[in-house]
Number of protein chains: 2
Amino acid sequence: MIYNKFMEVYFMKKALELAKISYENFDVPVGCVIVKDKKIIGKGYNQKEKNKNPLCHAEINAINSACKNLNSYHLEDCDMYVTLEPCLMCVGAIINARIKNLYFGAYNYRFGAVLSHVELLKDGGFNHKTKYQGGILKEESARLLNSFFEKLRNSSR
Amino acid sequence: MIYNKFMEVYFMKKALELAKISYENFDVPVGCVIVKDKKIIGKGYNQKEKNKNPLCHAEINAINSACKNLNSYHLEDCDMYVTLEPCLMCVGAIINARIKNLYFGAYNYRFGAVLSHVELLKDGGFNHKTKYQGGILKEESARLLNSFFEKLRNSSR
């Protein structure tokens, strides 16, 4: 069993706090924490616009941070909490980093690569299998995303 | 048509030179260049072991380098030359960066995400479509990889 409601809500709230930094920086608000032994050992938020780099997704930044902290390229006993369903690149990064459990918030119906658009963690036949659970604090995450895109539309009028 | 044999061989040789740096660093030898208007604007080689980071694939490092050089997060008029068929993460990164054409060398029968293991560039329904051509200087690339793994086996005896 990978579902523990109290812990999930606690760490997803931490990820949402990070998403708000993206929001303030005019980046699509997505935040991510990586947890080992109930402690946060990696943090990231989307910085695509800020860094002018399409790879600076919250998950990638969090994996980079966790690997640096642990001085290790495998995160086998670590769980990831991210406010939005990961894209193709991030699912690949999650497999490469050997994340144990993935918890995500809102579903990404257009580009989500866990469940929504393609299902790559389900039965991908890759060298590592990450368990996953979606929909944690999905309303809060979706609300932040919707507010961001509304702000963006208003500012471009 | 995306096939121009002279240019492909020229830039794939440049990618192979970078792969040899990985080899010397005890990293799986994969090299990558990104080309715009026939000029190399991004370079990368696999640095997973060196940086203790599972995301430091040649393609990721090359995209980071190209975005920095161009000060842009879109590489729409750029082509990538990489000595090994990209993995899932790197195919996702190629789509996110909007690479125009992908040329790769050796096929990665276990984890290649272009043709060999999964076919994500074929008809993925993502927001960008990258054309691709595999097998360029595949013997040279495979020879370098085989030599690396042979060295690794011998050193662990």
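Residues are numbered from 1 along each chain as its sequence is written, and chains are lettered from A in the order in which they are written. As the model is predicted, local features need pLDDT of at least 70 and side-chain atom pairs count only at pLDDT 80 or more, whereas totals for chains, interfaces and linings use all residues; side-chain values use heavy atoms, with hydrogens and water left out. The scores of the model are ipTM 0.93 and pTM 0.94.

Contact (heavy atoms within 4.5 Å) joins 32 residues of chain B to 32 residues of chain A. Of the interface residues of chain B, 100% are also interface residues in chain A, so the copies meet through the same surface. The buried area (accessible area, 1.4 Å probe, lost by two parts on being put together and summed over both) is about 2700 Å², with 69% of it on carbon and sulfur atoms. In chain B, the most area is lost by Lys52(B), Tyr73(B) and Leu88(B), which together account for 25% of what that side buries.

Between chain B and chain A, the count of salt bridges (a side-chain nitrogen of Lys or Arg within 4 Å of a carboxyl oxygen of Asp or Glu) is 0. The elements giving two or more residues to the side of chain B that touches chain A are helix H2 (48-51), helix H3 (58-70) and helix H4 (88-97) of chain B, where helices are DSSP runs (H or I) of at least four residues and strands (E) of at least two, numbered from the N terminus. H4(B) gives the most, with 8 residues.

Over all chains, the whole structure holds 4 salt bridges. In one salt bridge, the side chains of Arg98(A) and Glu76(A) meet at 3.2 Å, N to O. This pair links distant parts of the chain, 22 residues apart: Arg98(A) lies in the loop between helix H4 (88-96) and strand E4 (101-106) of chain A, and Glu76(A) in the loop between helix H3 (58-70) and strand E3 (79-84) of chain A.
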